[in-house]
Amino acid sequence: MCFLAFLHKLLTLVKKTMAAEVIEEERLDVLTRTGQKTGISKPRGDIHRDGDYHRAVHVWIFSEGTQELLLQQRAESKDSWPGLWDVSSAGHISAGDSSLVTARRELHEELGIILPKDALEPLFVFLQECVINDGNFINNEYNDVYLVTTLDPIPLEAFTLQESEVSAIKYISLEEYRSLLAKEDPQYVPYDVNDQYGQLFEIISKRYKQKAEARSLTLQKQLNHYARISLKAELKGLSDSDKEALKLLIKAAKIMDEIFCLQSLSFFIKQVWYSNPSLRDWLEQNADESQLNKLKWMYYLINKSPWSCLDENESFLTTADSAVKILSEATKPVAGWKGIKYRTAFPTSKPPGANFYPPDMDKMEFELWKKSLPEDKRKEAIGFFNVIKRKSEAMLDKSLSQSTPSSTSDTHDLYVVPYSEEYSSFLLRAADLLDKAGDLTNSSSLKKFLHSKAEAFLSNEYYDSDIAWMELDSKLDITIGPYETYEDALFGYKATFEAFIGIKDDEATAQLKLFGDNLQVLEKNLPMDDIYKSGDVIAAPIRVIQLVYNSGDVKGPQTIAFNLPNDERIVKDRGTSMVILKNVSDAKFKLILQPIADVCIAKEQRELVDFESFFTHTICHECCHGIGPHTITLPNGQKSTVRLELQELHSSLEEAKADIVGLWAINFLINKDFFPKTLVKSMYVSFLAGCFRSVRFGLEEAHGKGQALQFNYLFDKGAFVLHPDGTFSVDFDKVEGVVETLSREILTLQAQGDKRAAQTLLSKYCLMTQPLKCALEKLERIQVPVDIAPDFPIADQILLNNL
């Protein structure tokens with residue numbers, strides 16, 4: 001019997017050894033000291049033996065009703081901190097895995113809890129550097145810290161603990177836990193609450209200690225930055241059929257709001273952040289419960305997200321303000337308990353990639369994936385009209401719902417989804433409305449555009465519809481679809497949906513024909529080397545409209561004009577077309593620019609600020625988007641575009657280019673007798689006043705960033721002068737030369753695709769300098785609005801059949 005028992009034990013040991021050999025040790029990505037991937041992976045044991053930097057996740061479950069955190073007691077078999085109380089759930093990010101997928105997987109494996117990604121709020125990254133186990137375990141770990149906010153504690157019996165990892169769980173009050181860590185209680189894994197990890201307690205404490213009255217005052221102040229105005233437009237000149245078509249077009253435009261922002265499964269709102277739609281619905285449903293809730297809802301409608309456009313995208317809401325969802329099957333069932341009630345989460349810092357990319361994707365991961373693709377797929381990856389997703393996320397969702405393991409043999413985790421698929425339910429509805437409106441209208445060019453745009457929504461091919469938009473010559477004017485890329489602050493690749501519906505001002509449009517007709521002349525004389533100039537710039541059609549309705553990506557500061565399309569193929573083949581919103585321009589001049597001039601411009605130059613100069617520069621700004629470098633040849637002979645080479649810097653540099661070259665262009669046209677000489681001084685002074693208007697949009701916004709660059713450059717070179725009384729003036733002897741010098745610098749770095757030079761220029765001049773602070777503080781004291789918040793009574797009346 002003893003021999004048989006010994007043999008049995010021996011066989012059991014052999015089986016265990018063989019099983020251990022089959023299961024390869026987890027491999028982790030090796031990072032640099034600053035947290036960048038090296039391209040090397042090593043077994044977990046070697047990582048901790050050698051002290052390599054690597055990544056992990058920490059997930060905290062917090063009950064807001066009791067102000068308690070869930071802690072787990074680490075299993076005694078753990079090789080680090082055995083038996084001590086620690087974060088709710090944690091784990092290494094395996095080589096090739098992503099942070100958010102790992103966080104959700106660890107919750108399921110360790111605690112038996114299944115949560116969707118909108119339950120996890122990314123808080124901060126914590127670098128833990130320590131040596132334990134007599135020097136045998138070196139932990140240099142970058143931890144992505146997440147927070148799950150539930151309304152009440154999850155019953156402990158609802159959890160299913162992974163015995164090899166977790167021996168027990170408990171809830172503990174936030175303040176008691178902070179106190180225990182501060183005292184370095186030996187029963188708890190140590191974290192320095194006076195250092196990086198103190199952020200956990202500060203973030204949670206702050207959001208629940210804020211007083212309703214103080215928050216209401218802050219929100220009201222932010223709302224006061226916008227001047228409410230009802231925009232008017234005359235519908236005379238529209239045929240009865242066009243009026244019927246207009247009603248359908250307004251309905252289609254509202255769907256752009258859904259994609260960007262405004263309904264439960266919304267479009268632009270969905271493009272901003274994946275939990276944005278549920279936040280929007282929650283705020284609307286609870287707006288009447290209190291004055292604070294009403295102000296939250298009002299300011300959300302302006303920003304279309306929880307981040308304030310005029311405050312460097314600082315969040316004015318937190319996850320504690322967000323929607324509540326119920327999960328009835330996220331854990332084991334517990335008698336009498338309906339399930340987990342959690343807050344849909346969003347980060348306090350606006351994600352640079354919006355919802356175009358996985359929230360935990362960084363630039364390096366994207367670039368490595370892009371390089372692995374064939375040429376045609378590479379173009380899709382950086383194209384305007386698709387989103388990037390993770391295969392592992394889709395597989396995790398499937399595995400959690402079916403209780404099956406998730407795995408992928410693919411080398412790369414990312415893949416492309418076209419807008420026509422991602423937003424299909426919205427685009428099908430919008431396409432149907434556009435087709436019906438196209439059938440109604442008598443305008444052949446409008447009919448062609450509407451039908452081609454409807455087809456583009458379904459095919460994801462926008463070239464023909466953009467050409468049709470450029471050829472549009474109709475009293476009823478519409479721009480609708482994915483165009484601008486400002487929201488993609490990661491690369492500037494992805495386009496957001498928007499819509500502008502207006503009535504064309506035929507008289508004003510005719511007066512502006514000279515700008516479009518002279519683009520080639522301007523291109524030929526641009527202040528840059530001839531080798532970079534294009535010999536075939538095409539005249540740009542300009543349409544002036546009275547805006548009836550806008551939607552989609554029209555959050556925060558309102559545009560007064562736009563130059564489209566942004567597709568470099570069309571710009572090269574056909575040029576661009578401009579739309580000027582005259583009633584918006586007029587409102588901004590009267591409500592904002594004139595009051596700014598009264599405060600910030602020296603008395604002797606104040607009368608030079610006029611609407612004609614402001615409006616003329618607006619037009620020239622848009623014209624100058626169509627000239628200068630677009631498709632370029634790099635020093636190595638490779639063909640590329642300015643957008644692809646400058647990436648996230650492109651939008652702000654392009655806005656600065658259009659502004660400063662627009663100023664140069666007006667002066668050039670004045671010297672060619674296209675404009676009267678009397679416009680020279682008023683042009684420069686009106687531009688100076690406009691600098692303060694645009695910088696107030698914030699240095700996180702492309703126009704504000706570009707304007708700060710220009711103002712600081714001109715001030716640095718003496719073209720703008722600050723007086724002892726805090727007012728500014730233009731030095732007319734210097735300004736022309738400085739404008740030309742800056743124009744040359746920006747145009748040249750664009751032509752060379754020189755991202756390093758672009759970064760240097762922005763870093764030096766895109767700052768909130770003391771002269772700018774001086775001006776902005778004066779405007780804040782007397783409460784000059786920063787921008788307008790329009791409403792559209794005509795559109796409302798049209799939908800109600802009152803017009």
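# Notebook: strands, cores and a few residues

I began with a pair of strands: β19 and β21 run parallel to each other and are joined by four bridges. For my own reference, two strands pair if DSSP finds at least two bridges between them. Helices (H or I, at least four residues) and strands (E, at least two) are DSSP runs, numbered from the N terminus.

I noted that this is a predicted model, in which local features need pLDDT of at least 70 and side-chain atom pairs count only at pLDDT 80 or more, while totals for chains, interfaces and linings use all residues. Residues are numbered from 1 along each chain as its sequence is written, and side-chain values use heavy atoms, with hydrogens and water left out.

**Entry 1: the sheet around β19**

I looked up which strands belong together. Five strands make an open sheet of mixed pairing, in the order β17-β18-β19-β21-β20. β17 (476-482) and β20 (561-564) are the edge strands; each has a single partner, so one side of each has no neighbour in the sheet. From one strand to the next, the twist averages 35°. Angles run from 0 to 180 degrees between N-to-C directions, and axes are lines fitted to C-alpha atoms, for helices over the stretch in contact.

Next I checked the partners. In β21, Met578 has Ile542 opposite it, and Asn563 also stands opposite Met578. β20 and β21 are antiparallel, with four bridges. At the other end, β17 and strand β18 (residues 497-504) are antiparallel too, joined by seven bridges. Pro482 has Phe497 of β18 as its bridge partner.

Is β21 mostly covered or mostly open? Strand β21 (residues 577-581) is mostly covered, with five of its five residues buried. Buried means under 20% relative accessible area, exposed over 50%, and partly exposed in between (1.4 Å probe, protein chains only). One side of β21 carries Ser577, Val579 and Leu581, the other Met578 and Ile580, and all are buried.

**Entry 2: helices on the sheet**

I then turned to the helices. Helix α7 (residues 240-260) packs on the sheet and touches β17, β18 and β19; its direction makes about 55° with that of β19. Helix α16 (residues 444-459) lies across β17 and β18 and runs at about 15° to β17. Contact here means heavy atoms within 4.5 Å.

**Entry 3: Asn550**

Asn550 is buried, at a relative accessible area of 8%. Its side chain makes a polar contact of 3.0 Å with the side chain of Gln558. A polar contact is a pair of N or O atoms within 3.5 Å; within protein, one must be able to donate a hydrogen and the other to accept it, and residues adjacent in sequence count only if both atoms are side-chain atoms. Leaving out residues up to four places away in sequence, Asn550 touches Ala499, Phe500, Gln558 and Phe792.

**Entry 4: the cores**

Which residues have the most contacts inside the largest nonpolar core? They are Phe366, Phe457, Phe692 and Leu714, in a core of 165 residues. Helix α26 (residues 650-671) gives the most to this core, with eleven residues. A nonpolar core is a set of buried Ala, Val, Leu, Ile, Met, Phe, Trp, Tyr and Cys residues joined through side-chain atoms within 4.5 Å. A second, separate core has 50 residues, including Ala103, Leu223, Phe316 and Phe697.

**Entry 5**

Strand β1 (residues 27-31) has four of its five residues buried, so it is largely enclosed by the rest of the structure. β1 pairs antiparallel with strand β2 (residues 37-43) over four bridges, and Leu31 has Lys37 of β2 as its bridge partner. Five residues lie between the strands of this hairpin, where Gly35 takes a positive phi near 95°.

**Entry 5: Pro82**

Pro82 sits in the loop between β4 (68-74) and β5 (85-86). Pro82 is partly exposed, with a relative accessible area of 36%.

The protein's mean pLDDT is 91, and 94% of its residues reach 70 or more. pLDDT is the predictor's confidence in each residue, from 0 to 100. Where pLDDT is low, the predicted coordinates should not be read in detail.
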